[in-house]
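Biologist: Please put the model up, and I will ask about it piece by piece.

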Amino acid sequence: MLSTGVVSAYPKPSPRLRSLCRALLFLNLAYLSAALFTDALPGWKMFETVEHVEYVLNNSRGEPVDVHSVLPRSANLIDKAQLRRVVAFICEHQPGPFWFQEAGQRGRWLRRGSCGADVQP
Amino acid sequence: MFNLNLEVVTLRQLRWFYRLLGAALGARLLTDAFSGIWRVHTGEFFPWRHLPVFPLYSTGFLALEWALLGAASLALLSGFAQRVALRLALLALAMGLSQRYSNQNALLFIVLVFSNLKIAAPHATTEEELRLPNFGLIRLQLLLVYGFSVLNKLTHGFQSGAAIGELSALKWLSPRLLTPLAWSVLALEVLIPLLLCSRLARWGLAFAILLHTGFALALPGIFTFSLTMWAMAALFIGPPLIGQPPRHITPMPSSPRADL
């Protein structure tokens with residue numbers, strides 16, 4: 001039958017695709033709302049907080065060790081928990097022991113085999 | 001009459017979206033290659049942002065991931081085999097996310113998932129405009145990124161400027177400038193989506209280029225994020241999304257699409 005009405009120029013998308021898109025949007029919104037109130041969940045939190053990361057890490061000869069020497073150049077160290085994990089990695093993989101002190105904390109010796117525990121304040 | 005044309009995509013928008021997406025994939029590959037990710041997989045470097053759920057894979061798999069990324073990037077940039085490119089890019093990004101989580105990898109992955117729901121290859125259609133619900137989803141994704149970024153920043157005290165002052169590339173800034181700079185970032189993150197949805201979309205894109213160039217200069221290694229945001233912003237440049245009803249035509253009597 002001939003149509004005389006005005007017709008949309010666009011091909012119709014399938015109803016299934018549209019329903020899927022709506023479901024994905026709903027899930028997306030629900031997740032982002034949960035992440036807004038849960039610090040541990042990643043969300044769109046681009047550098048909203050950056051901790052003051054100041055430390056001293058020396059090897060057994062008293063020479064300073066830069067944690068960035070074992071990090072990709074694109075890595076941005078923005079919290080103390082990250083710093084401790086990197087220091088523990090250095091302690092496990094390089095000849096030690098190491099002297100580690102964070103700003104406002106007591107210094108401590110780190111020894112291979114117990115680096116993960118020693119690095120905690 | 002009020003109309004929200006989130007689903008309508010022009011071929012010009014599609015072409016720019018794919019080019020910028022290809023550039024984002026290329027940037028991701030170059031950033032990884034030159035920042036030392038290879039040495040993470042040889043065990044020399046700390047497994048930065050590695051999620052313990054999946055074990056770190058060997059350099060052979062990393063080479064495969066990079067080959068897929070490179071091929072997908074070149075194909076999207078050149079407009080050749082875009083369907084295959086989008087599938088390969090999705091595979092490469094899924095592999096990459098299993099090895100290192102970052103916001104820019106997550107965003108690129110989400111955009112690729114949405115793009116792959118219904119692939120529109122500009123060379124394979126004679127239509128000037130297409131109706132694609134998944135591209136509506138990509139546009140909404142840009143609004144969600146800015147919207148939740150502002151909410152997260154406001155609820156975590158970003159507006160004090162302290163977070164900006166801690167970034168190593170901005171240590172030289174006078175402390176007096178930090179608070180105004182933080183508020184400027186928040187203002188731009190509110191303004192850009194509003195402009196993109198209006199008849200001033202080009203201004204929205206210009207501000208998005210300004211903001212994300214600033215981010216990329218302040219934070220090494222996040223140029224992929226900037227390019228992905230620009231790719232999404234390119235989908236707003238064209239017919240206004242709000243306020244203009246979709247284009248209508250009167251079909252020829254024999255038109256196969258005269259279905260209403």
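Biologist: Which residues of helix 9 of chain B are buried?

Modeller: This is a predicted model, where local features need pLDDT of at least 70, side-chain atom pairs count only at pLDDT 80 or more, and totals for chains, interfaces and linings use all residues. Residues are numbered from 1 along each chain as its sequence is written, chains are lettered from A and ligands numbered from 1 in the order in which they are written, and side-chain values use heavy atoms, with hydrogens and water left out. Buried means under 20% relative accessible area, exposed over 50% and partly exposed in between (1.4 Å probe, protein chains only); helices are DSSP runs (H or I, at least four residues) numbered from the N terminus. The buried residues in helix 9 of chain B are B:Ala201, B:Gly204, B:Ala208, B:Leu211, B:His212, B:Phe215 and B:Ala218.

Biologist: Why do the buried residues of helix 9 of chain B line one face?

Modeller: On the other side of this helix, B:Arg202, B:Trp203, B:Leu210 and B:Leu217 are exposed. The arc is taken from the directions from the helix axis to the C-beta atoms. Seen down the axis of helix 9 of chain B, the buried residues line one face because they fall within an arc of 115°.

Biologist: What covers the buried residues of helix 9 of chain B?

Modeller: Contact means heavy atoms within 4.5 Å. The cover of these buried residues includes, in chain B, helix 6 (133-155), helix 8 (175-196) and helix 10 (223-234).

Biologist: Which cysteines form a disulfide?

Modeller: A disulfide is a pair of cysteine sulfur atoms within 2.5 Å, and the count over all chains is one. Its sulfur atoms are 1.8 Å apart, and the two cysteines are A:Cys91 and A:Cys115.

Biologist: How many residues apart are A:Cys91 and A:Cys115?

Modeller: A:Cys91 is in helix 2 (residues 80-93) of chain A, and A:Cys115 is in helix 3 (residues 115-118) of chain A. The pair links distant parts of the chain, and the separation is 24 residues.

Biologist: Which side chains meet in a salt bridge?

Modeller: A salt bridge is a side-chain nitrogen of Lys or Arg within 4 Å of a carboxyl oxygen of Asp or Glu. Across the interface of chain B and chain A the rule finds one. At 2.6 Å, N to O, the side chains are those of A:Arg18 and B:Glu7.

How values were computed: Helix = DSSP H or I, 4+ residues; strand = E, 2+ residues; numbered from the N terminus.
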